[in-house]
Amino acid sequence: MPLIEKKIATEKIKKELPKTICIKEGKKVELKYGRFGLYLAFDDKNFRLPKGTDINTLTEQEALDIISGKKTSTSKQESLRDFSSGAQVLKGRFGAYIKYNGKNYRLPKGKDYKDITEEEVNNIINK
């Protein structure tokens, strides 16, 4: 999209805002435009819209999920394996890694995430 068309589209969006998406706990959930782009406002707090969110098709449930902090499908972490101990093997920017109780652990060199056992994961965590 050429710059001039993008600017015209942005101006059209700005004229329609703020737009009330829904009411939660007697307070408005509004779509607004600020200096960094579109965001949701609720209860004197602002919530960034995930990349790729189409504001024309933004549903009430999606807006509530964003303000409640639920992860959306655009999350960068992809779970590859889950273990009964609560540990997970996640796909990250630099490859697979283990996450347990908010801490990240490297997989041993040469070890594929498909081949790692729960016992090996526990040993890595308890080092």
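Start with the largest nonpolar core, where Ile 21, Val 29, Leu 31 and Leu 40 touch the most other members out of 14 residues. A nonpolar core here is a set of buried Ala, Val, Leu, Ile, Met, Phe, Trp, Tyr and Cys residues joined through side-chain atoms within 4.5 Å; buried means under 20% relative accessible area, exposed over 50%, and partly exposed in between, with a 1.4 Å probe and protein chains only. Two or more residues each come from strand E1 (19–24), strand E2 (27–34), strand E3 (37–42) and helix H2 (60–68), and H2 gives the most, with 3 residues. Those labels are DSSP runs numbered from the N terminus: helices are H or I with at least four residues, strands are E with at least two.

Before going on, a word on the model: it is predicted, local features need pLDDT of at least 70, side-chain atom pairs count only at pLDDT 80 or more, and totals for chains, interfaces and linings use all residues. Residues are numbered from 1 along each chain as its sequence is written, and side-chain values use heavy atoms, with hydrogens and water left out.

Now zoom in on Val 29. Leaving out residues up to four places away in sequence, Val 29 touches Lys 19, Thr 20, Ile 21, Cys 22, Lys 24, Leu 40, Ala 41, Phe 42, Ala 63 and Ile 67, where contact means heavy atoms within 4.5 Å. Apart from this core lies another, of 9 residues, including Ala 87, Val 89, Ile 116 and Ile 124.

Back to the strands. E1 and E2 run antiparallel, joined by 5 bridges; strands pair if DSSP finds at least two bridges between them. Ile 23 stands opposite Lys 28 in E2. The hairpin of E1 and E2 has 2 residues between the strands, and Glu 25 takes a positive phi near 55° there.

Also in E2 is Glu 30, which counts as buried because its relative accessibility is 17%. Beyond residues up to four places away in sequence, Glu 30 touches Pro 18, Lys 19, Thr 20, Ile 21, Tyr 39, Leu 40 and Ala 41.

For another strand, look at Ser 79 in E5 (residues 78–82). At 36% relative accessibility, Ser 79 counts as partly exposed. Setting aside neighbours within four places in sequence, Ser 79 is in contact with Gln 88, Val 89 and Leu 90. The C-alpha atoms of Ser 79 and Phe 36 are separated by 31 Å, with the two 43 residues apart along the chain.
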